[in-house]
Amino acid sequence: MGCGLLLSAVNYGQMTKEQVVKGDVSLVTSKEKLAQLASFDNGNYKYSVEDFFAKPKARTFRLSPDGLRMSYFQKTDNGKNNVYVKEIKTGKVSLVIEEKEELIRGYFWLNNERLAYVMDKGGNENRHVYSAAIDGSAAFDLTPFDGVQAEITSVIKNQKDFIIVTMNKDNKQVKEPYKINVKTGAIEKLYTNTDLKNPILTYSFDKDGNLIGFAKIVNGIKMQYYYKPSASNDFKLTKEYESSETFNVVSLNYQTPNPDDAYIISNLDSDKSQIVLYDLNQNKVIKKIYSNPTFDSNYLGLSEKRNFEVDYVGFNGEKSTIIPISKSFKKTYENLQKEFKEEQFTIVSQSDDEEKMLIIVSSDKIYGKYYQYDAKLNKLTYMFDLMPKLEQKDMAVMQPISFKSRDGILIHGYITLPKSALDGKKVPLIVNPHGGPQTIRDSWGFNQEAQLFASRGYATLHVNFRISGGYGKEFLKSGYGQIGRKVMDDLEDGVQYVLSQGWINKDKIAIYGASHGGYATLMGLVKTPDLYACGVDYVGISNIETFFSSFPEYWKPYKESAKKIWYDLDNPAEAKIAKEVSPFYQVDKIKKPLFVVQGANDPRVNIAESDQIVTALRKKGFEVPYMVKYNEGHGFGREENQIELYKTMMGFFAENLK
């Protein structure tokens, strides 16, 4: 659908060399016109878009395994985000990883001498794993293979120079595990995925890096888990279950003499996921560790120092909830809770001896503040505020809500209200459906978008509609085959609920989302054209047929599962429904203004999805502003692009909601 054209740096400032660019460049709205649209956001606001979306001056602080050094991203004057390492005792700082043309997507400690980091090309998600010494020398690509997606599966603590990486090196549709020496780059394949019709999706390793099990997808819809008992050299089928179910082997249990005991998160015997101790050889539950009647239990913290003792369990409910278990963690948790009270705190990094920790504190009104904590001395030291310009007193409250759908299902969500709504004024609303849609959910916490919207006087509604994750498998499955239909009903019912509370101006409601949320934006404008005043489609699907036909190679093993979740286009009845809920085929029903945003290198939602909806709407006389970034993929990662996006979006909302 999207043609490939050769562009040079003369044509587009984002292009640094001649390369193939996807999509129809003639459709893209000029920078001048987008800037004109952004200019409508011209109120006298305390906070700018940059205050919310400029990357922090420093972020992602981490401790070395021995606790003697601290690493972090630091932003340079030219906007690059380099990784530095600081010796805590002396204060000596070294530049370890320099960000150049491509974004550093993430990094972490491999051992006390080396860091690993991840990069792709322009958001294409073909991520490679790199290694660098902490003095900045000897940096190289551990996965130097064209077109691969590499993912770190395991860092082997007692073999400090080795990691396990999965990648689709030999077949683009399947990932296989490799053991890689992080100093030399020497690579050893650990297992070959021979059944390509029923490929292995995930691998389980013990703490020494030995492969103990794997999960494969059978006929695209069933899952099978194979385990190799300690006394055997062969893998045996342990569990068979639906792809909508969960059987997640977290770790072996090294607390008991039975080498086949494991901690499992599973919902095979329940609706909600629960944490159990399981005998993988005998294929039976030993005991239930934790479950929650309303939400999936999927937090499990283990202490490697104390031989994988359970430190805590928990779940993501209205808010994230941690339940301390071990005596050691209870003491740490209670000490931190006394200090931070109702604020959310997370241990983001700790030394191997578990005495030195980095804590990040956040809430719906706090983006993030870092603290150092010495567990042995019970000493807490403030470090860094990620967004010091944003005063807590000015930020909006994110309030959990729940309501019944029109067919009687309990739906959870959140409403973020600007201060004027709390004072009794009816305000504009932005409905923000999440991506996925399956297994994903919105959660309580600081939401940059919602806070930006609140600063302009807009409320934000997040609805965890049927098919969202975290509420049990029946709730998840109730959304299968209902995308664009009952899923949209849930969003509409959420709007009616907040209208009934008296917060919202019914004539000033927008819908905006990314990925599935972009699709839901388009479907909202199609299905309920009088409900919404405007919409913003960000990397959204417009045509289910072309979405399916453009799956990247590594998605193809999931195609049968995708048919269950979305629609089976090989079934005439379902193909008819898919067409009815594809916005591309329903453009005549769209009456309200639309702004479309796309990353040209998006491997998930091809640029053709945005191109075709823009083309179809313009043919019927709609003026559709269309922003495309040629160095981005499924969502914008570069600071300058994010800021331009939100400035333009704020102008679009100001034009249509004020």
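Predicted model: local features only at pLDDT ≥ 70, side-chain atom pairs only at ≥ 80, totals over all residues.
Local features here need pLDDT of at least 70, side-chain atom pairs count only at pLDDT 80 or more, and totals for chains, interfaces and linings use all residues. Residues are numbered from 1 along each chain as its sequence is written, and side-chain values use heavy atoms, without hydrogens and water.

**Exercise 1.** Find how helix α1 and helix α13 are oriented to each other.

*Solution.* 
- Take the helices: α1 covers residues 31-38 and α13 covers residues 639-657.
- Read the geometry: the angle is about 55°, and the axes are 7 Å apart.
- Classify: angles under 35 degrees are roughly parallel, over 145 roughly antiparallel, 65 to 115 roughly perpendicular, the rest oblique. α1 and α13 are therefore oblique.
- Look at the contact (heavy atoms within 4.5 Å). From α1 come Lys 31, Leu 34, Leu 37 and Ala 38. The α13 side includes Phe 652 and Glu 655.

**Exercise 2.** Decide whether helix α8 is enclosed or open.

*Solution.* 
- Set the cut-offs: buried is under 20% relative accessible area, exposed over 50%, partly exposed in between (1.4 Å probe, protein chains only).
- Count: 11 of the 12 residues of α8 are buried, so α8 is largely enclosed by the rest of the structure.
- Name some: the buried residues include His 516, Tyr 519 and Met 523.
- Find the cover: among the elements over them are α7 (486-500), β34 (504-514) and α12 (607-619).

**Exercise 3.** Describe the setting of Thr 546.

*Solution.* 
- Locate: Thr 546 lies in helix α9.
- Classify: its relative accessibility is 12%, so Thr 546 counts as buried.
- Compare distances: Thr 546 and Glu 609 are 63 residues apart in sequence, yet 7.4 Å apart in space, C-alpha to C-alpha.

How values were computed
Axes fitted to C-alpha atoms, helices over the stretch in contact; angles between N-to-C directions. Helix = DSSP H or I, 4+ residues; strand = E, 2+ residues; numbered from the N terminus.
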